[in-house]
Every structure is written in C-alpha cells, then in structure tokens.
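Subject: A structure for you to look at

Hello,

Here is the structure I promised to pass on. Please open it first, then read my notes beside it.

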Amino acid sequence: MKEFEDDSLMLHTDLYQINMLKVYWEHGIDQRHAVFEAYFRKNPFENGYAIFAGLERIVQYMNALKFTDADLAYLRSLGSYDEAFLDYLRTMEFTLSVRGMREGELCFADEPLIQVEGPLGQCQLVETAILNIINYQTLIATKASRIRTVAGEEDGLSEFGSRRAQEMDAAIWGTRAAYIGGFDSTSNVRAGKLFGIPVSGTHAHSLIQAYRDEYEAFKAYAETHRNVVFLVDTYDTLRSGVPTAIRVAKEMGDRINFVGVRIDSGDITYQSKRIREQLDQAGFPHARIIASNDLDELTILNLKMQGAKVNDWGIGTKLITAFDQPALGAVYKLVSIEDDTGNLVPTMKISSNASKMSTPGVKQVWRITRNSNGKSEGDYVAFNHERPDLLEELYMFHPVHTYINKTLTDFTARPLLIPIYEHGQQVYELPTLEDVKTYAKQNIDDLWDEYKRILNPEAYPVDLSQELYDAKMTSIHEITAKVNEEVKAFQAEEAE
Ligand SMILES: Nc1ncnc2c1ncn2[C@@H]1O[C@H](COP(=O)(O)OP(=O)(O)OP(=O)(O)O)[C@@H](O)[C@H]1O
Ligand SMILES: O=P(O)(O)OC[C@H]1O[C@H](OP(=O)(O)OP(=O)(O)O)[C@H](O)[C@@H]1O
Ligand SMILES: O=C(O)c1cccnc1
C-alpha cells in the first residue's frame with residue numbers, strides 16, 4: 001500500500017462524482033442549489049422495519065471533508081484534471097445542509113433517511129460515503145434487532161463477529177450497530193474502547209489444546225480470572241467438559257465467580273438440556289449456558305421451540321456479515337434542482353420499474369401516532385412546507401392502492417428528519433450511544449406487534465400526502481409526454 005501523509009476520507013467517493021463535478025464546474029452550474037435524498041426501496045430481511053444507524057460516522061466524515069495536498073497530488077497523477085480544477089478543489093469549502101433521522105429511529109422503505117442540500121457539485125461528492133455508511137450500519141442494526149426479537153428480553157446477546165466481518169471498519173461499526181439494535185456486549189475490545197460498548201468473552205478451544213488437558217486448562221483459567229466461563233465442547237461435552245467445569249468450580253469455590261459454560265458445536269438443544277441438569281444437580285442453578293456456532297435468528301427460534309436451555313447467545317458471522325442479505329440497497333437521488341431562472345424545481349427519475357421511480361421534491365417524513373395508545377399508525381411523507389402536525393384531521397392513503405385509506409383525528413405527527421448541518425456547520429449534538437440504544441428500544445416498543453414478527457410482518461404504511469402524490473403524478477405525466485414528443489420528433493426526422 002502506498003504511504004500518504006494523511007488519512008483523508010475526501011476521496012472515499014466514486015470517480016464519477018468527481019467527473020460530474022468537473023462537468024458542472026466547467027459549465028458553471030456547480031453552485032446550483034440542489035437537494036438529494038437517500039432511501040431504500042425494500043425493508044431488509046423482509047423485516048417489518050429497519051433501524052436507522054450511521055449518523056455518527058457521517059458526522060465524523062462530514063467534519064473532515066477537505067481536499068488535502070495528498071488527495072490533489074493523487075488526482076493530478078491521474079492526468080485528467082488540469083491545475084485550475086485542482087485549485088478549485090483545493091479551495092472548496094463545504095457548505096452543505098444535511099437533515100437526517102436520529103440513529104435508532106425506525107425507518108421504512110421509500111422514505112428519506114438523509115437529505116443533503118447545497119451546491120450541486122458538493123452534494124454529488126458525498127453520495128458514495130453517505131450510502132456506504134448507512135447501507136451497512138442500518139442493515140446490521142436491523143439484523144441485530146431481529147435477533148433480539150427472537151431472543152426475548154431476558155437472554156444475553158454478545159457480538160462475536162470481528163474475525164468474520166468484512167474487514168476492520170465493518171467489525172467496529174458493525175458491532176456498534178448491533179449494540180444499537182439490541183445486543184448487550186461485544187467481544188471486540190477496540191469497539192469497547194472507542195464506543196464504550198460492554199466487552200465480554202470466554203475462551204477458545206486453543207486454551208485446552210495448549211494445556212492438552214481440560215482440567216489443567218480450566219484450572220489455569222480459573223486461577224487467573226474472577227469471572228469464569230468454561231468452553232466445554234473440546235473433547236466430550238457431557239462426559240468430560242461439563243463434569244470438569246463443575247469440578248474446577250467446586251475446587252475454586254468463592255475465589256471465582258463461576259458464570260457458566262459455553263458450547264460451540266453439536267446439538268445445542270440436547271446438550272443444553274443435559275448440561276442444565278448437570279449444573280443444577282451440582283448445585284449451580286445460576287450458572288449460565290452460553291451457545292455459539294453459526295447462529296442467527298432462525299436457528300435461535302428453532303432452538304427455543306425445541307426447548308433449548310440457553311441463557312446467552314454468542315453471534316458472529318451471520319450477524320456481522322448480514323449473511324442472508326448482504327446489502328440494504330439504499331440509493332441517493334436528486335429530488336430538486338435550481339433551474340435557469342433561479343427557482344428550485346422538483347425533479348424525479350421515472351422508470352418502467354415502479355420501484356425505481358423516485359418521488360420529486362424536498363420532503364419531510366412524519367411519524368403519525370394515535371394519542372389514545374401512543375402506537376405508530378404509519379409514516380406520512382409530505383412536501384417540506386406541509387404541516388400535518390397542525391391539522392385536526394389527517395387523511396392517509398396507500399401510495400399505490402389509493403382505495404386503502406383512513407382518516408385520523410386524535411393523532412400526533414412527529415417530523416423524523418432533523419437538522420444535522422446548516423450551511424456546513426454542525427448544528428446537531430450527537431447523543432451518547434446509550435441514548436441511541438434506549439431510543440431504538442423505545443421506538444420498537446411503540447410499534448404494533450404485527451409489524452415486528454420476523455416472518456411475514458404486516459406492511460407498515462408509508463403514505464404520501466395528497467399534495468405530494470398529485471405532484472408525483474403530474475411529473476410522471478409531464479415527463480412521459482415530453483419523452484413521447486421527443487421520440488416522435490426523432491422518428492419524424494429519421495423518416496425524412
Ligand atoms: N438442535 C438444533 N436444531 C437446529 N439447529 C441446530 C441445533 N443444534 C445446533 N444447530 C445448528 O446447526 C448448525 C450445524 O451444527 P453442527 O452440529 O453441524 O455443527 P458442528 O458439528 O459444530 O460443526 P462445526 O464444528 O464445523 O461448527 C449450526 O448452525 C448450529 O447452530
Ligand atoms: O459461529 P459464529 O456465529 O461466527 O461465532 C463466532 C465463532 O467464532 C469462534 O469460532 P472459531 O473461530 O474457533 O471457529 P469454529 O467454531 O467455526 O471452528 C466461536 O467459537 C464461534 O463459533
Ligand atoms: O468470547 C468468546 O467466547 C468468543 C469471542 C469471539 C469469537 N468467538 C467466541
């Protein structure tokens with residue numbers, strides 16, 4: 001790897017962003033006012049919701065935005081940028097305004113999570129990193145939440161995935177996202193240091209292999225630690241591992257806190273039931289049984305259904321890599337752009353694939369809750385200037401099947417996009433990680449159970465305001481008519 005004098009993230013962007021910036025700059029439209037919004041099109045894991053995560057990293061990234069000398073030297077070496085353009089990059093001051101959801105907010109398909117506003121060229125440059133961050137962290141927080149749903153409130157959940165994560169950044173930020181989504185601790189010590197996540201750990205099979213004797217290994221561990229979990233499946237879990245753990249725990253008595261035993265192979269249900277009996281009979285009814293080995297929410301659900309006696313779950317690969325759905329697929333689309341006369345006009349992308357059609361205009365997402373029970377009734381996506389919170393009555397309808405509708409009276413509308421940056425200045429103070437975690441839990445508690453089941457959840461309503469819906473339909477008709485005109489003119493020209 002080449003050494004540079006800085007570790008700038010400025011070039012953590014796709015080349016095409018810089019190339020578009022060059023076009024805008026040379027044609028004098030780089031300063032045009034633009035608004036982009038990031039959203040995903042399908043809830044991950046077919047879950048009923050997702051948990052928004054990534055804002056802290058976005059703030060870290062935005063606060064460091066600056067083309068460094070090393071960045072410029074590298075761009076110069078590519079040979080496609082002249083000195084005038086490089087000079088323009090050197091002096092670029094970021095003046096973007098950003099609105100976004102709080103971390104730990106529940107979010108759903110087809111609603112903006114982050115909105116970036118400011119000079120067109122700048123908006124373009126930050127797309128890649130913003131998507132990179134939220135696509136991963138939101139995915140992992142959601143996966144963790146699914147695992148928490150099946151584990152229930154009582155079971156302990158520890159994140160074990162660093163060795164299997166897609167590299168170091170993923171391990172660190174993934175475990176933070178997992179913590180937001182409902183995990184209790186991580187095995188990654190650096191994540192503990194950086195974020196204050198509780199760290200926890202047992203030991204590996206190598207400890208027993210190193211001593212070449214289970215008793216010697218357990219004893220040695222117990223003599224050097226106060227809190228002790230023995231890994232009991234190296235040789236023969238029920239005939240050797242657990243009896244040896246019990247023997248050492250009895251010998252050590254009060255000198256250790258015998259937390260429990262971990263199993264990492266074989267039939268977890270069968271073994272955990274037998275282990276529970278052995279521990280209880282030996283006088284350790286409070287000793288815990290920890291299970292690991294390629295677990296995810298479906299395996300845990302099955303194990304629980306079979307009556308497994310597991311108290312804590314250690315989960316690595318399938319959580320940290322979002323094994324069953326490795327990408328969230330969030331996109332970043334231009335929704336408004338200043339025209340030649342200086343007006344900000346809504347813009348959209350149309351497509352024969354309805355899910356790829358964006359919704360034009362600068363928007364706000366409102367979470368609608370019924371006052372009588374505090375439960376979420378759906379999200380209401382409206383133009384920024386609309387104020388559903390001031391209405392006595394709110395008419396909500398499905399954005400495709402418009403005959404599905406309801407009118408609410410006694411409701412609260414809460415805006416989900418809050419100011420993070422105003423003209424380049426950070427105006428949002430990041431909450432502590434504990435607050436984010438608590439916030440996520442509170443949001444999940446406020447959701448009807450029907451949206452929370454991990455299989456075939458009800459579809460949570462994400463509706464458009466009447467005004468937004470009408471504007472979207474008008475835009476589709478106008479764009480289609482314009483394209484048809486152009487095609488006709490082109491065909492006529494060809495025919496001549
Ligand atoms: N009772 C059970 N019901 C359903 N799945 C289980 C049960 N017990 C364990 N599993 C899961 O089955 C998968 C395979 O377990 P298996 O027993 O083959 O692993 P193993 O023998 O330990 O293999 P390895 O040592 O290579 O990990 C794991 O994901 C494990 O979590
Ligand atoms: O199974 P995961 O959910 O990814 O959890 C992490 C795994 O890491 C450790 O195993 P190790 O690296 O020794 O590999 P092995 O157990 O597969 O042999 C641990 O014993 C878990 O099995
Ligand atoms: O502490 C453990 O038991 C642990 C940590 C990482 C991976 N597997 C297990």
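I begin with ligand 2. By class, its shell holds four nonpolar, five polar and five charged residues. Here Ala, Val, Leu, Ile, Met, Phe, Trp, Tyr, Cys and Pro count as nonpolar, Asp, Glu, Lys and Arg as charged, and the others, Gly among them, as polar. The shell has 14 residues, and the closest are F160, D264, S292, G316 and T317. A residue belongs to a shell if its C-beta atom, placed from the backbone, lies within 6 Å of the ligand. Two elements, β11 (312-315) and α14 (317-320), each give two or more residues to this shell. Helices (H or I, at least four residues) and strands (E, at least two) are DSSP runs, numbered from the N terminus.

Two notes before you go on. This is a predicted model: local features need pLDDT of at least 70, side-chain atom pairs count only at pLDDT 80 or more, and totals for chains, interfaces and linings use all residues. Residues are numbered from 1 along each chain as its sequence is written, while chains are lettered from A and ligands numbered from 1 in the order in which they are written.

The other ligands

Ligand 3 is surrounded by F160, S187, G201, T202, R262, S292, G314 and G316. That shell has one nonpolar, six polar and one charged residues by class.

Around ligand 1 sit S265, G266, D267, I268, T269, N293, D294, L295, T299, N302, L303 and Q306. Helices α12 (268-281) and α13 (297-305) are the elements that give two or more residues to this shell. Which element gives the largest share of the shell around ligand 1? It is α13, with three residues. By class, the shell around ligand 1 has three nonpolar, seven polar and two charged residues.

The whole chain

The protein chain has 16 helices and 21 strands. Its C-alpha trace spans about 95 × 60 × 50 Å along the principal axes. Of its 496 residues, 40% count as buried. Buried means that 20 or more other C-beta atoms lie within 10 Å of the residue's own; exposed means 12 or fewer, and partly exposed is in between, with C-beta atoms placed from the backbone. Take the contacts with a separation of 6 or more: residues 24 or more positions apart account for 71% of them. Two residues are in contact if their C-beta atoms, placed from the backbone, lie within 7 Å.

UniProt annotations

The UniProt annotation "domain: Nicotinate phosphoribosyltransferase N-terminal" (unreviewed entry) covers residues 11-135. That span is 43% helix and 17% strand. UniProt places "domain: Nicotinate/nicotinamide phosphoribosyltransferase" (unreviewed entry) at residues 157-337. This span is 46% helix and 18% strand, and its end C-alpha atoms lie 46 Å apart. For residues 363-471, UniProt gives "domain: Nicotinate phosphoribosyltransferase C-terminal" (unreviewed entry). Here the chain is 17% helix and 36% strand, with end C-alpha atoms 12 Å apart. UniProt positions are in the numbering used here, feature names are shortened, and annotations may be inferred rather than shown by experiment.

In soluble globular proteins, nonpolar side chains tend to be buried together. The largest nonpolar core in this model has 115 residues; those with the most contacts inside it are A38, I130, I140, A245 and V261. Such a core is a set of buried Ala, Val, Leu, Ile, Met, Phe, Trp, Tyr and Cys residues joined through C-beta atoms within 7 Å. Helix α6 gives the most to this core, with 12 residues.

Why is α6 called largely enclosed by the rest of the structure? Because 22 of its 25 residues are buried. Helix α6 covers residues 127-151, and at 1.5 Å a residue it should span 36 Å; its end C-alpha atoms are 36 Å apart, which agrees. The expected span is 1.5 Å times one less than the number of residues. Just after α6, G152 takes a positive phi of about 80°.

Residues to click on

- I140 touches G174, A177, A178, L319, I320 and A322, not counting residues up to four places away in sequence.
- A322 has a positive phi of about 45° although it is not a glycine. It is in the loop between α14 and β12 (331-338). A322 counts as buried, with 23 C-beta neighbours inside 10 Å.
- E46 also is not a glycine, and has a positive phi of about 55°. E46 counts as partly exposed, with 13 C-beta neighbours inside 10 Å.

Best wishes
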